[in-house]
Amino acid sequence: MRRREIRCLEKVVGLNQQASLTQGENGVFAYYLELAVRSLRRSPGLTALMILAIGFGVAASMTMYSVFRGVSADPIPWKSSQLFVPQIDAWGPGHGENGEPPTALTYIDAMALTRQHRAFRQSSIIAMWRSIAPPHASQDGTLIEARGYAVDSEFFPMLDVPFHYGGGWSADDDAHRAAVVVISDHFNQEMLGGGNNVGKIITIASHDYRIVGIIKYWNPQPEFFALFRFEATELDFFLPVQFAVANNVVSDTYSECKDGRSLRTDFAALLRSDCTWLSYMVELDNPAAVQAYRQYLDAYASEQQQLGRFQWKPNNRLRDVPAFLDYQHVVPSNTKVSLLVAQGLLVVCLLNTVGLLLAKFLRRSGEIAVRRALGASRASIYAQFLTEAGVIGAAGGLLGLLFTAIGVLSVGMVMPARLATLARIDPALLLLTLLLAVAATLFAAVYPTYRAARVPPALQLKAQ
Amino acid sequence: MNVYPILVALRRHKASVLLIVLQIALTLAIVANALFIIGHSIERMRRTSGLDEDGLIFIFQKLPLVSGDDATVIEKIDAMQRADLQAIRNLSNVQDAAATSGFPLLQGDEDGEISLDADRKGKFVHAAYYYGDEHLRETFGARLIAGRDFFASEIGHGHGLPGSPVIIVSKSLADQLCPGGNALGQTVYQDGKPATIVGIVERLKTPSFDDSNWADNSVIEPLRKDVFWTGYVVRARSGRTDQAIRDIRKALFAVNPMRHMPPGAGIHSFSEQRAGMYDEERGVALLMAVICVILLSVTAAGVVGLTSFWVGQRHRQIGVRRALGARKVDILRYFQIEILLIAGGGAVIGALCAVGLNAWLMKHYEMMHLPLFYVAIGVLAMLVLGQVAVLVPARRASNVPPVVATRSV
């Protein structure tokens, strides 16, 4: 027997006596910890390899997870299950994929929903870009590109839009087609230099609007109320739908038509057509209301069928925001595939760790046999080797934290900015990284430890 | 060397062997699919648009809203487009300019079916439409291989609807429609309206960035499409692209300052815009490459670790073999063949896993069919990786002196 092992043996004898006689659990654990560190230092190469593998595997998974978490986060978690997107089939069978109705509404249907007002709150939503003359004209005469939406008055309370000054406009303003506008904080800064500018007049693409509200920073991603995608730029303004339609403000809007072609110069024809171009959202605050609204949509479509406008049975949908985002495949499939590949990497790293731990533990069959022969139970062998695995896991986790931080910070190199900015490092992510590393390593150590604990005491001694 | 004793020896390490085989299999499955994603991106970045891309500038903008009935709006928009094009063509750094409803690989959303008979009973082919004026083909730099360009008198304007009496088509479309090669002069039908093919260009990609089986089927219609969102394509004089872009911006805003170029639109060189389109794919490819490198390193390190352990464990056996007359090279071979068997086993399972993973990805995500070429690369990579990883431990084993056999533990 080698001298080192004899020394080890002496220690073990001492330990077994001590542990059984005087010291409590803590002492045993401290001793296992010491043993683990000593064992790991005996084979620095193998140890470094395992720690690196765990670190890389965990970091790759957690980096991709942080992107995935950012991208698939609920944009309005406190209310998303009460917000619904109604879809009414204005095209008939054979036009949508899998019999799905179009995702937007025709002007006729949107206005009918608004007029009949069966939801708690509701709004049509039309996306638009507008050129605006900057406060100090730039030299080459270029305009500021501003992005906004035409919405109804209930849009603001429905989505809990936070206001800095003033508020949304009233239902009266909708009805009277008032020229009012709600602007964002940063647009207020850009155009008017900031401050409370409620009541002032602002010109947006040749129409003058009275500012009724200035919203605080509000940039939910993805833009779940209309575009259903991630936008790189913040919103600038909101106008009333009724004013916008009556004054041709949205006459260049994007529309989709049954036969695939829209005549984009003829706004009057678009209003009469079966082309869809208005997003719609309703708030329904209890299951009974949801049920009632479904029935209402079907009744509406039946009525249209009786009137001869639809030649098909009602084919409506009423999905809540999470279901609608899922239906729209808002989370890019690249993100999911990348997460999957990163998790595959973690599995390979774990397999690698299982193999190396197995080699490392079984190499110490002699030591195990001696300890067993001197009366150590299988449980204490388990405890000793799982402690060793735990040390590797913790070290791998610390390395993983570093790699994850580097990964999340450099995710912008491999992903578009609108997605990369959603990946964040927070305490939950860091804690999860550490936990994953330790848990994964302990899991990887289960089989090698099981094998170590089964080393028969006497046989090993004989063989030596 | 006889393989049998190696197999027998491996049976004594079932768990370790199984682990390393699994690790190699999984690595192969992921690496083959990742390499495919990388290869596919590179292939897409190399696609030819059919244009002479150098010096090509494209402009996409929204004209100021105008009011009036449909016919009035169209005339007003057309007048604005003609004024813009005139202003651009007058610039000294510009060679030519044309109106276009789309840009190959970048922008445009008009497509439909071209058929050989009016009621589309017989053969029809899917194609994308470019609406443009008589300058378009020349400005694009698409090579005319048969027939002629449009005459100025043939250019209409108005709603972007197919149905012009004369059209120019891409060779791909001509070949699919008339495999006999008699497309030139042929009457074809677009939405039931007859058109004569007067010219054929060698190649012209559709505006779609995505792959499809009609990605080269394009039709040029002699029509200025009058909508608020308009496109122009400009050919700068050689080496003057940047100056031309600056001049064009100044000239257009001088004609009408109320035009509108939000992000995604504007005035850009074609090559810059095209490169930008691939940012996302390039990012994914880079990510896959990083993951591949980590995977291969981890697996190689795993092989090194495990074989080193085996070498240590068999120290005495090796000594005995050496004492019985085995040469150094025999010991080396032993470990090399051993890892070849293990890596080979892993590669076989891995190849099946790679195909399975691809099938699963195709079912759940937008993924193409994995060509066997990439599986073969993966298999080869695993075999090479095994040999490289085993080299150092195997060398160490072959250096074990025969005298070890005579020593006790």
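**Notes on the two chains**

1. The secondary structure of chain B amounts to 11 helices and 12 strands, where helices (H or I, at least four residues) and strands (E, at least two) are DSSP runs numbered from the N terminus. The model is a predicted one, in which local features need pLDDT of at least 70 and side-chain atom pairs count only at pLDDT 80 or more, while totals for chains, interfaces and linings use all residues. Residues are numbered from 1 along each chain as its sequence is written, and chains are lettered from A, with ligands numbered from 1, in the order in which they are written.

2. As to overall form, the C-alpha atoms of chain B fill a box of roughly 105 × 50 × 35 Å along the principal axes. The radius of gyration of chain B is 32 Å, whereas a compact globule of 409 residues would have one near 22 Å (taken over C-alpha atoms, with the globule rule being 2.2 Å times the number of residues to the power 0.38).

3. An automatic or database domain assignment divides chain B into domain 1 (4-45 + 280-406) and domain 2 (64-259), and the C-alpha centres of these two domains of chain B lie 54 Å apart. For chain A the assignment gives domain 1 (3-72 + 333-415 + 426-463) and domain 2 (80-327), with 55 Å between their C-alpha centres.

4. An unreviewed UniProt entry places the feature "domain: MacB-like periplasmic core" at residues 24-249 of chain B; such annotations may be inferred rather than shown by experiment, and feature names are shortened, with positions given in the numbering used here. This span of chain B is 28% helix and 31% strand, and its end C-alpha atoms lie 57 Å apart.

5. Where the chains meet, 51 residues of chain B are in contact with 47 residues of chain A, contact meaning that C-beta atoms, placed from the backbone, lie within 7 Å. Helices H2 (14-45), H3 (70-89), H6 (241-255) and H8 (279-313) of chain B each give two or more residues to the side that touches chain A, and H8(B) gives the most, with 17 residues.

6. On confidence, chain A has a mean pLDDT of 85, and 91% of its residues reach 70 or more, pLDDT being the predictor's confidence in each residue, from 0 to 100. Over residues 13-23 of chain A, however, the pLDDT is below 50, and this stretch has nine contacts in the model beyond near neighbours in sequence. Where pLDDT is low, the predicted coordinates should not be read in detail.

Notes: Two residues are in contact if their C-beta atoms, placed from the backbone, lie within 7 Å.
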